[in-house]
Structures are given as C-alpha cells and as structure tokens.
Amino acid sequence: MDSSYPQHPSPGTGQQGRVTVIAGLNASGKTMMVEEMRRHMPGDSVRYVAFCDTYGTATDRSYYLQQRWNQHDIDEETPTVGAALERSFLLSGSDTPERRKHQQQLYQLMGLESLTDKYVISLSSGELRKMQLVKTLMAHPDTLILDNPFIGLDAEARAMLSEQLLLLKQQGMKLYLVVARPGDIPPFADEVEYPPQSPRRGEEPVLSCLPQSPREREERPCAPHLTSHPSSSNAVIILRDVTIRYGNRTILDRLSWTVCEGEHWALSGRNGSGKSTLLSLICADNPQSYACDITLFGHRRGTGESIWDIKRRIGYVSPELHRSYLHNLPAISIVASGLKDTVGLYARANEEELQQCLCWMRRFHIEELAQRSFLQLSSGEQRLVLVCRAFVKNPALLILDEPMHGLDLQRQQLVKDIICEYCSTPDKTLLMVTHYEEELPSCIDHRLELGSTF
C-alpha cells in the first residue's frame, strides 16, 4: 500500500453532496479538528459516529470483559439487534413506506438481516460497528461524520460501506471521514484536510522501527527481557471437536486445532465467524471453555487450574479489552495491569514493575504518555498502550485480536517490527487476528480461516 496521502481531487459539482476526509497520524489533532467543526454545525442535522461509540464510553460502567460470552447475564431487559434498531428507527423519523424500504436496504447492505435476533452484548466488534452505522444512516442526516469508519470491518463489509457512502454523496449528503490510514481514503473523496500539526503528503516522520540488535539490547539496562517458559509438550494449544452454540446459533462447529510452541498463526474470517469467541475459549473468558476439550500448555481445561493460572502465560489485546478500560487512570497503570492480568482492579505496581512498564513503553515510543490519563488519549494512543500491556510480562503465548485498530501506517510498522522481534525467540507463540492482510507481520507462518472448510 502506498504510504503517502493522495492529492486533493477536484470538487464535486451539481446537487451532489461532498466527501471531506480528515487525515493524519495518531494524536495529530484530528478529533479536535472535528470538535471545532461541530461547534459551527446545526446540531439537529449532524450525526457523529466516533470510535468510542463501538468500544464503550467512560459512562458505560456496566460493561465488563467477559460480558459478551456470559449468557446468564441475558434477561428480558437485554435488547436484541432487531429491537435496538427498531427503536432507533422510530426515534429518528416518521414510520413511512419509504423509510421502511430504506431500513431494509441498510440491513441487507450491512448483512444485519441474520443478526436481528442476536443480543447486542453478543455481537463481535465488527458487527457492533455495522449496527452503529445502520442506526446512524437510518436517520439520514444532512451531515455525517464518521471516525475511522472502516476499522473492524471485513473486506466485503468495507466494500459495501464504501458503496453506501458514495450513494449518500450522490444523494446530497455531506460526509466527513476521519482516517489514520491513507488506504482508507475513498477514491470519490472531494478533498483531504489535515490538522494544523499533522504532516502533509510526503512529510510523514519515519519512526525508528527497526528491531534492536542483541548488542543494543545488552547495552540498554532496562531492555525487555524475553524469558523462557518450558512446557511439557510441544503443543501449546489443543482443541478437539469444539462446538459453541448460543441458542439456535452455532458459532464454532466441531473445530479441532493444534498450535505448537514457536508457531505464529494468522486467524481470519468474516465479521461474526467466531474468531474472538475462539480466542475467548483459550483465555478462559468464555464459560463454555470448561465444557470443551481444550488443553493449554499441557493442562486439560477444567482439571483444577484457576483462571489466573491460565492467564499467567498469555498476553492479550482485543476490541473487547479496549472497551473494558473505562477508568481514567495514568497510561502506565493500564500497562502495569498486564502484569497481574487485571481489568478494573488495579493493584499498585512496585518500582521494579514500573521500570519494566516504562521499558516496554519506550519500545513502543509511548513513554511520554506514562502519566497521561488513559481516557484523554487518542484512540490510536489508547490502542498502543493496550498492545504494550500485552507484552509487558513477556508471555509465552501472545494473542493479538485486531491490535492495529486506529493506528497510522508508521505505528503499524512499529508494532509489526516489535512482534517479529519478540517472536524471533523460539518459545514464543503468536495468534493474531486482522481484517487487513498488510497488517500481518512477516513472522506469520500458519493460517486458520473460520467459516471455511478446514
């Protein structure tokens, strides 16, 4: 993918709408630029879909990491996708045949027809984004602002959304798309704007992303130390005929899968194909994991190990984890929580642990964020902090579920380089999920695609 931003196309003419892209690196001021624009727009005709609308907000205190997979939390008050969308439809305008037709077209476009009976808390991150976009588009505002509209969506859904945005432009809507990746700028954009402090085309700074040599690591007193965790077997993960069902919906069907020590897997599949559910079984976040035939690090699931024994050797980041961090703590406290595998319960780190956290934050070029409040960071900075959290205890098994969400190309390359350096140690095992092929690091040597025959 070309890392430079495209030149501004010629403005549209006639009665068509207009697509303005606000592009820039992480923390370059894109969100502040949007907020300033919104202050000068009529509120009733503007809709804004932000990153936090999908992954949770600071006021969403009831959400917790395992909620998506805990069916016992579902009661008569828990909304289904269909009920939530119907409520939005009725609140956003008159109940007319034309609007009903538009509603069904949106359901079909974003593949929500088969999800209307599914509970909202059970949706994948990509499905949540689709639902949020449909809720917004049903209101058919005069102006629509979308923050990172394509992240979390599979390739087919991205293509469908792009077609819908072009149609909205042709129908006269004003669209503002906020992106960190040049590849997310659609070809029908009329102009590309940059925050005042953001580099223009050809001026992007190149981060020092090359892996450090062994000599450099030795000379650096607090360099991350990659420890070994010997196991009794070469197999780190063994799943035998694993089936997961929620009501009438089968998510995983008789899946058998073995991951050996030192292997680096890319896990792929469309939105809702069961990727995050599979990872939740391995991490023991899913209650059904104890009813499945799963062996991890030589121990059969349900033979007396605690959830902390399971998590002790796993580093993990995911959209669900991002949504769970709702407390306004310093970023270094978020990184340090990875040492104890806690979310919501933040034990105070000692001086040695803080130095270990700072060491990893330096490796990710975010040391200057250490004392800044997590909820005040940009979405890209937040994701880097959480990725750093996954590495901080030097885990034997690294599980990265869409780790590049919201990252610009420079920081994507930085993360890929760190992953490859980390996985150069023979006993480190990697599972990684992404919908973008270019986000996969070069160390990937195995693949599993869900939703296909294997």
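Residues are numbered from 1 along each chain as its sequence is written, and side-chain values use heavy atoms, with hydrogens and water left out. In this predicted model, local features need pLDDT of at least 70 and side-chain atom pairs count only at pLDDT 80 or more, whereas totals for chains, interfaces and linings use all residues.

The secondary structure of the protein comprises 14 helices and 14 strands; helices (H or I, at least four residues) and strands (E, at least two) are DSSP runs, numbered from the N terminus. The protein has 454 residues, of which 57% count as buried. Buried means under 20% relative accessible area, exposed over 50%, and partly exposed in between, with a 1.4 Å probe and protein chains only. Among contacts (heavy atoms within 4.5 Å) between residues at least 6 apart in sequence, 75% join residues at least 24 apart.

Two packed helices are described by the angle between their axes and the distance between the axes. Axes are lines fitted to C-alpha atoms, for helices over the stretch in contact, and angles run from 0 to 180 degrees between N-to-C directions. Angles under 35 degrees count as roughly parallel, over 145 as roughly antiparallel, 65 to 115 as roughly perpendicular and the rest as oblique.

Helix H3 (residues 81–91) packs against helix H5 (residues 125–138) at an angle of about 25°, and their axes are 9 Å apart. H3 is therefore roughly parallel to H5. On the H3 side of the contact are Val 81, Ala 84, Leu 85, Ser 88 and Phe 89, which meet Met 131, Val 134, Lys 135 and Met 138 in H5. These residues divide into 7 nonpolar, 1 polar and 1 charged; Ala, Val, Leu, Ile, Met, Phe, Trp, Tyr, Cys and Pro count as nonpolar, Asp, Glu, Lys and Arg as charged, and the others, Gly among them, as polar.

H11 and H12 pack at an angle of about 110°, again with axes 9 Å apart. The two helices are therefore roughly perpendicular to each other. Residues of H11 in this contact include Val 335 and Leu 339, and those of H12 include Leu 358 and Met 361. The contact of H11 with H12 divides into 9 nonpolar, 1 polar and 2 charged residues.

In soluble globular proteins, nonpolar side chains tend to be buried together. A nonpolar core is a set of buried Ala, Val, Leu, Ile, Met, Phe, Trp, Tyr and Cys residues joined through side-chain atoms within 4.5 Å. The largest such core here has 44 residues, and Phe 364, Phe 391, Ile 419 and Leu 430 have the most contacts inside it. Elements that each supply at least two residues of this core include helix H11 (331–340), helix H12 (351–363) and strand S13 (429–433). Beyond its neighbours within four places in sequence, Phe 391 is in contact with Trp 360, Phe 364, Leu 398, Ile 418, Ile 419 and Tyr 422. A second, separate core of 40 residues includes Ala 84, Val 120, Leu 168 and Val 192.

Leu 146 lies in strand S3 (residues 143–147) and is buried, because its relative accessible area is 2%. Its contacts, apart from neighbours within four places in sequence, are with Val 49, Leu 133, Leu 165, Tyr 176, Leu 177 and Val 178. Tyr 119, by comparison, is found in the loop between helix H4 (97–109) and H5, and counts as partly exposed at 29% relative accessibility. Tyr 119 and Ala 83 are 36 residues apart in sequence but 9.2 Å apart in space, C-alpha to C-alpha.
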